[in-house]
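Open the model in your viewer and follow the stops below in order.

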Amino acid sequence: MTTTTDRPAQQFNVVGTRPIRHDGVDKVLGRAQYGADLKLPGLIHGAVLRSPHAHAVIKRVDAAKAAAAHGVFAVITGEDMPVSASELLDMGEEVTDLRWMSERIMARGKAVYKGHPVAAVAAVDQNAALEALKLIEVDYEPLPAVISLEDAMAPGAVVIHDDLVGDHLGEKARGTNVAEHTRIEFGDPDAAFEQAAHVLERTYTISRAHQGYIEPHSATAFWSPDGKLAVWTTTQAPFGVRSNLAQVLKLPVSAVKVTPMEIGGGFGGKIQLYLEPLAAVLSKKAARPVKMVMDRKSVFDATGPGPGGQVTVKMGVDANGAIVAATADIRYMAGAYPGSSISAASVGVFACYKVPNLRIDAYDVVINMSKTAAYRAPGTPQAAFASESLVSELCERIGMSPMDFHLLNAAEEGDRRPDGPIFPRVGNKACMEAIRDSAHFQSALQREGPDGKLRGRGMASGFWNGIGNRSSVTINVNDDGVVSLVEGNPDIGGTRATIAMQAAEILGLPAEDVHPAVVDTDAIGYNDLTAGSRTTYASGQAAIEAARLVVEEMKKRMALVWETDPENVEFENGVFRNKVAPDQRFAFKQAAGKLGQTGGPVAKTGSVNVRGSGGGSFAAHLVDVEVDPETGKTQVIRYTAAQDAGKAVHPSYVEGQFQGGAAQGVGWALNEEYYTDEDGVMLNSSFLDYRMPTALDLPMLDTIIVETPNANHPFGVRGIGETSIVPPAPAVANAIADAIGARLYQTPMNPARVMEALAAKRNGANGR
Amino acid sequence: MTQQEAPVRKITVACDVNGYPAEFLAAPHQSLLEALREAMGLTGTKEGCNDGNCGACTVALDGRIVDSCLVLAAEADGKRVDTIEGMAPPNGLHPLQQAFLEEAALQCGICTPGFLVAAKALLEREPEPDEHRIRLWLAGNLCRCTGYDKIVRAVQRASSEMSKPAPAGGA
Amino acid sequence: MHPFSYVAPRTLDEAVEILDRRGERARPFAGATDILVQLRAGRFELDALVDLKAVPETTALSLDGGGLRIGAAVPCCEIYEDAAVRAAFPGLIDAASLIGGIQIQSRASLGGNLCNASPSADGVCPLIVHSAVAKLRGPEGERDASVESFCTGPGANVLRRGELLVEIELPPPPERFGAAYQRFIPRNEMDIAVAGVASAVALDEDGAAIVSARLALAAVGPTPILAERASAFLMGKPPTTETFAEAGKIAASEASPIADMRGTKEHRLQLIETLTRRTLAVALARARTSR
């Protein structure tokens, strides 16, 4: 690990160190309670009957035999779910419509994706519930499945939702599968292309890729006779689940309590409701708590991967290689309901560059597959696969090194982001320079590998903006000077530690003396979700705010002890001092012991609504690959990721985010896809055939933490969780092109496709 | 000449779990994973795929690591089962557990018990495996958060901790 | 999953009796690494699973006058951890050590791999090139089946009602013999073969000519295939790169792959050529260093 910084650092005692995470011991002992680990008195188990068809009218559902089966407590179908009218909901990382959400959770009259829930059963145990599903009779009338952009957008296409009203550049459109067509435009790209010294245009196809969290979804619900609904779930968004459940089930929001269990990975895929409302309605019917755990096949079939699609990009440069214009046409397949992160894709596709003339068209297209979900920097890796591949190919054509191109064209402070805002101070160029100066970049690549294998090197950059939004953190001061910190963001990768460390920094305590707890929605103020790279950044600010309030209150208490005016008490480096009587001083821990006699407990809540984004985090990745030209297999042999963290609160977990995103991006680049039959049925819905990287598929992943402080955070912190998945796929594509002298325009760049590209090169076609 | 079968009844399984005798009832179709989690309350062993492709349910069965989702509970009768719950010594952590914490080798932590049980079996057989051997041994355990870098480092760290000669004399 | 009962007979007679009585509603198992997955996926229903691991004949592994007897339930790990077996049958070890990951290898048996009769089975092709024989036991008594004739289609084999695989017998290899297995997978572990090839050659005294050869192909037909024409072609030929390249082309012509989620037809044919060349080279090196 390397850290680069461009300024005399703010002095920190805790931030920037590497304490052991607070929840770590429970997790290495196997004691941490994940969703499926919950046990409650009287607990029964639920299972879901799912549509085997991607598109079918449900003519009849007869659950009578299942309901009568031994050990069955309740059966529900679409008829048991409340009907919702159209209403737009902000989900934090995406916007969805309440009616679509309701229909997605349980089909009514029509199944629109393979795996669409049609009925659910609660029974004495899991296997009894699964066996009872076999007794439910469903008559389907299969309809033609729309599973590609071509099918969905063709004139006369089968329309999936008769009542979908598309927004096509502000015009209402009916009878369409295109839910939205947006455009961002400034300058005159067409005229600029005319003047450009070089112009290149390419079309890229990107596979649907699943978040691939190892923990399947699970939810437990108890609908009490007093009307209160308690839900224990594995979610990134406990408060989002609370409000969505209230909306879907027609309950007041305060009737719902959501307890977030430990969460076994999410990456954006555990934000939407899936099992929670089904468990709730089953519980109401059965008058018992109901636990539901999804099987892996259903996770693939029926929860949201990131969208696949097609992206056409065009870029023109002048004789020096400076970009004069760029356009993009982004078409994403949203799945069975609208919402495929096309707006983020429009931001991200050219965000790394100064582009004086620009046009970005984006299409959100409905198809008969499960509704896509946010997946780490939603929509952006797909777009960047196109733009960063194009840049590399353009550089080849104009004889310019990609490094020089990036440094020349990098967007910096004051430049306009494609969607309008002006960049504040950002670390785009700094990341590129960090890569340029890295041992990896400075070392020559030996181009021949063993046994005739071919090596190549590629690089790519990436951007993700992140969000701020609402967070609440409460700090309680205990007599012994240890503080408990109560927070509402599920800890998906070390955020208990990173939030606690920010409070510890203010309180002058070691990280270990702040005890963080993630609590239910009744026990803490509102918190937006653990997503959007916001948790360390925004909830950290709530923790800082709470800690400052604690310090202010404790100053008052010390003033009472010292019989002086509160203005005379100062707090520095963890010590309260009386300015007028310098020998009067208490360390935080001593001071904490005096609270009982000076007015009682000190408990303070910091609540923030962080307006600014996470500051925007840029990254640059460099990768070496080795390709076997006889089999088409690509092995990543060296990897370096540089990214701007603003200020790394816990560098180990920052590195972990860089590495994890890189690994997911490499998986997407090389093997991950939804392989479906022509009826839209996914055939590789298992960890066996949905080939995520194993330990043996990756090398050590070197990281460089760049620290360009974020003015929106007291410590300069940026949200960093997502950017790392943006550059890997194009970096790998560029490395493969460098290795084999032929370019691939499609993910995954699996062995068969590499062989096809090599064959095309031999036939003189060079890809296209 | 198929005769009428009696309804399938639960069977008693007696085994050694983490060094202690254990006896539980299991349906014949139940996996060892289900029995550990449901009958014995040992939920540290996780289910990720239920088809032997993620390793989250790794336990040691008579000293060999297995995917407990692909073992019938009934097969454990008379055998020794070691799970994550039995890994730490009293009032402490196993060097691998400590190394996973020090190296930040877990993010969400769902795969961690499986990795720890698998890595322990490796170091017991081969105290000083090289990086490739570690990666090969752990290839049956999927992690989606870390990219494996810090997991490999943690195993290397534990390996070197465990290979150190025990401190001479008592304190 | 349809509830089934668990039976663990202690003798072959007992196992045969149960299987005969239950017919298609019961199946024997060893490592359970395929059958439990298939049962959970609803591929078929059973009333009983018959655990063979308490039957002594199925768990024995023995080198016997240069030949090898592998009980049907012996897990892969016991095969590759046996130093003598490893030294004598490296081509078999190639397969035993790459089926699944370590966890799977603790349980999965070559016998189960054979009975499961998947076209992509890694364990079957090395057995074929070793001219292995499946020793069967049923209500009518014992009989033998050559491994190359054992699988009759995807998931189908020659076993009759009440019949089970007891062990697999590998005859003593000839002098100057070498065998090797390689498969191609997109990842480096945990995948099903896109294509696989086992090769075996025996050389004449000078090492100048191939006196016997067998090639077997995985995942490119309804069953693992003995590539008879490519094997015959190698007879009497000098063991050169050119010979092996030609054998690869012939082997590919004997393959009849389909396109599926694991690979395209075209790619599979290319892989058969490549893997034939590569495994022949390894088999040759092993033949040259064998006793």
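In which handedness of crossing does H12(A) pass H13(A)? The crossing is left-handed, meaning that the near helix is turned anticlockwise from the far one by less than a right angle. This is a predicted model, in which local features need pLDDT of at least 70, side-chain atom pairs count only at pLDDT 80 or more, and totals for chains, interfaces and linings use all residues. Residues are numbered from 1 along each chain as its sequence is written, with chains lettered from A and ligands numbered from 1 in the order in which they are written.

Show A:Met403, A:His406 and A:Leu407 from H12(A), then A:Lys429, A:Met432 and A:Arg436 from H13(A), which make the contact (C-beta atoms, placed from the backbone, within 7 Å).

Next, select the open sheet with order S25-S26-S27 in chain A, paired antiparallel (at least two DSSP bridges between paired strands; strands are E runs of at least two residues). S25 (569–572) and S27 (585–587) of chain A are its edges. Three bridges join S26(A), residues 575–578, to S27(A), and A:Arg577 stands opposite A:Arg585.

Finally, colour by chain: 43 residues of chain B contact 43 of chain A.

Note on methods: Two residues are in contact if their C-beta atoms, placed from the backbone, lie within 7 Å. Helices (H or I, at least four residues) and strands (E, at least two) are DSSP runs, numbered from the N terminus.
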